[in-house]
Amino acid sequence: MTTLSRQPADPVVGQPIPHESATLHVTGAALYTDDLSVRTHGVLHAHPVQAPHAHAHVTRLDPTAALTVPGVVRVLTAADVPGVNDAGVKHDEPLFPSEVMFFGHAVCWVLADTLEAARLGALAVEVDYEPLPSIVGVREAIEAGSFQGGQPRLERGAVDDAFVAADHVFSGELDLAGQEHFYLETHCSLAHVDEGGQVFVQSSTQHPTETQQIVAHVLGLASHAVTVQCLRMGGGFGGKEMQPHGYAAVAALGAVLTGRPVRLRLTRTQDLTMTGKRHGFHAQWRAAFDGDGRIQALDATLTSDGGWSLDLSEPVLARALCHVDNAYWIPHLRVDGRIALTHKTSQTAFRGFGGPQGMLVIEDVLGRCAPLLGIDPVELRRRNFYTAGQETPYGQVVRHPERAVACWDQVRTTGELAERSVAIAAFNASHEHTKRAVAVTPVKFGISFNFTAFNQAGALVHVYKDGSVLITHGGTEMGQGLHTKMLQVAATSLAVPLSLVRLAPTRTDKVPNTSATAASSGADLNGAAVKDACEQILDRLRAVAAARLGVPGEDVRFEDGHARAAAEAPGASAASGASGASGEAEVAWADLVSEAYYQRVQLWAAGFYRTEGLHWDSTTMHGSPFKYYSYGAAAAEVEVDGFTGAYRLRRVDIVHDVGDSLSPLVDVGQVEGGFVQGAGWLTLEDLRWDDSTGSSRGRLATASASTYKLPSFSEMPEVFNVALLERATEDGVVYGSKAVGEPPLMLAISVREALRQAAAAFGPAGTQVDLASPATPEAVFWAVQQARGAGQPPHTVAVVREGSEGVGVAPERADPDGHPLRPHSEQVAAGRGD
């Protein structure tokens, strides 16, 4: 085992301790970026002027009237930018646009003494627009050929030949909805300039370094003239990886031009209408199976809805393509990807980063095809798992595939699936208008940034003369418990009590050139960097301890807040902790540190880590982009009401692989939270944009908590069992741990598949149903109706079943205004009778 992964005898890591800020959270004492504004004298408030068009030219912008509003100090426009008027890393996101690209796009910002004055000033700004044609939906974009960015292809094997030779061929179409982050804390920045011209920005950002770069870029400054600090975030989920930069730049620009601190905090409606979301996808696929139900080939096209600019759409698409296999061996595969350009918010990172969309495609394939193949969905999935030695379509060997099997078998055993399946069948037979189902789905999720350069991290560790320890690292805390884990890593590495270690906020003048806290890699990268810094300090202290203990340096052991001689050290007795021939038995940590100070030994260190063994060619979509894979399995049981489509999530059982957990309470919480957020995406959270031809075209219709439904206590499973896979040490990762942030979200696919099976149970055996995403009660109702109508999907263009000779065509369902009703996915399920 590598030294990075090896744990000492009694480590602080692995102990189930509460989140380091838990008490502050529940008492309301935790400070967030906006809380700092009330402690700041003379702060100005920023308010946007939002465009009422999805696509338009700005033909005139006159702020004169706004400047007469009492309290208004300045109106920021493109003419005020001393650097480059762009807030994106792709240089396609004008900070002050002359062309409106989505409904609610901010064309300028008003600064005032109060937020109300800023709001009134924004209303007074006169703007003339020339409306332009707009594209709102991804299907519109496909028809219009409106795309942006690269169009990668992932391919291996002889796909066309495999379809010719296959026993069964099916094809289908699927629309995957996006998702709003809906973090508790909206986007917020607070900027001021000191007497030396140094710009200091407090920002709710997952990527302080990139926020620093964009602010400097807009102001025409070098990066060293800008410092960004992230105290903590009230949630991020990927939505604060790229999107905070422009808001920080507006606040910083205002502070530079007025000489006063500037606060910019979006209201909930502004955040919903101005910031990016999870990418919606449209997928078309063909799948080939042999006579035993093993997948032979997959040919698919995935089109993501990128919105108006690229943002992170290209790497999101790449990860979607790399996860379209999920946990399944597909010998012949061809998947094309493309990014639609639509006149909506620029869609961005969201927990899973394209992985959930890719996985949902293959799970939808298996869920639809299982009844057509006459194979139980649980068996069909298990039959197609990766085995040892097999490679992914992009050429990376799948390490530890047996862990996917272990999770699968454990969840089936502890979840009592065999017994419950019998009980469910009996329940369904005796209940005409209520049906139950249980589904099991796996997860195989690659950990690391696809962009290899991002797989690095730094940390700064200070040991003070009294023995107390202060650590700073490049990761940001958004409630996920990263800081808690880093405290445990530092205490373990230094062999000191956790009470001696404190953590400072993340800021760019302490640890520079950091990567985003994203890709579930925060603990892997920053934990290794913290451990490296601690070990440098211990190496320096070792010589001091060796002299006190009277043993060679290599025989010094640090444990329990003391330095001791190893039992096997020359001159030491057999008793653990015995001293050398002329030395002390042990040296307390504080005494050792004090003596080192007087001997002029350096008591701080900068740690660094880079993930080894990664390589990725984005042009060929080939390489080994991931350090390892995280595995998991979930079994979800649902009950569906045939009259309304309403459903209950009766029970969920999860077994998830987190390696040797750094902090079990945190990790279990992440599994639970990720699952519930995934269930929200797949069953509740229904983003709707106005796609009419009227003046409100492109407006987000679900722009508040009253119209955008989030998971609540009533949607939680009645029984919720979460277990962490045991004996799962991951060698080559800090203390044998694994990432936990993103992978559990995809376990919620089991809920959608259970709903599909429950809806199909309203029809005869072997019924196959189409299910929209999200599977809202309305969508489930239509799936039930479809099952009762012998399996004919309401939006099916054509269905050819095995052995059939004709094509069935069903009319499209529509509301009274002629708009198609959900579910909106279309399917062609074609099978050869031979």
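Between domain 1 and domain 3 there is 1 salt bridge, a salt bridge being a side-chain nitrogen of Lys or Arg within 4 Å of a carboxyl oxygen of Asp or Glu. Select Lys485 and Asp667: their side chains meet in a salt bridge, at 2.6 Å from N to O. Side chains of opposite charge can pair when their charged atoms come close.

This is a predicted model, in which local features need pLDDT of at least 70 and side-chain atom pairs count only at pLDDT 80 or more, while totals for chains, interfaces and linings use all residues. Residues are numbered from 1 along each chain as its sequence is written, and side-chain values use heavy atoms, with hydrogens and water left out.

Next, colour by domain. The domain assignment gives domain 1 as 22-28 + 456-610, domain 2 as 38-134 + 181-274 and domain 3 as 281-442 + 628-827; these bounds come from an automatic or database domain assignment. Show the boundary of domains 1 and 3, where 16 residues of domain 1 are in contact with 17 residues of domain 3 (contact means heavy atoms within 4.5 Å). About 1,200 Å² is buried between domain 1 and domain 3, with carbon and sulfur atoms giving 55%. Buried area here is the accessible area (1.4 Å probe) that two parts lose on being put together, summed over both. Select Lys485, Ser520 and Asp524, which supply 45% of the area that domain 1 buries against domain 3, more than any other three residues.

The count of residue pairs in polar contact between domain 1 and domain 3 is 6, both residues at pLDDT 80 or more. A polar contact is a pair of N or O atoms within 3.5 Å; within protein, one must be able to donate a hydrogen and the other to accept it, and residues adjacent in sequence count only if both atoms are side-chain atoms. Now select helices H13 (482-494) and H14 (522-549), each of which supplies at least two residues of the side of domain 1 that touches domain 3. H13 gives the most to that side, with 6 residues. Helices (H or I, at least four residues) and strands (E, at least two) are DSSP runs, numbered from the N terminus.

Move to the open sheet of 4 strands, with the order E20-E19-E18-E25 and mixed pairing; two strands pair if DSSP finds at least two bridges between them. Strand E20 (501-503) and strand E25 (604-610) stand at the edges with a single partner strand each, so one side of each has no neighbour in the sheet. Inside this sheet, select E18 (residues 456-463) and E19 (residues 469-473): they run antiparallel and are joined by 5 bridges. Val461 has Ile471 in E19 as its bridge partner.

Which strands make up the open sheet of 8 strands? Its order is E3-E5-E1-E13-E10-E11-E12-E21, with mixed pairing. E3 (72-76) and E21 (506-507) are the edge strands, each with a single partner strand, so one side of each is left without a neighbour in the sheet. Strands E10 (residues 188-193) and E11 (residues 199-203) run antiparallel, joined by 5 bridges, and Leu190 stands opposite Gln202 in E11.

Arg697 lies in the loop between helix H16 (664-683) and strand E30 (719-724) and Glu140 in helix H3 (residues 138-144), so the pair ties together parts 557 residues apart in sequence. The whole structure holds 59 salt bridges.

Finish with two backbone details. A cis peptide bond joins Ser773 and Pro774, with omega about 10°; Pro774 lies in the loop between helix H17 (749-760) and helix H18 (777-788). Asn513, in the loop between E21 and H14, has phi near 55°, a positive value in a residue other than glycine.
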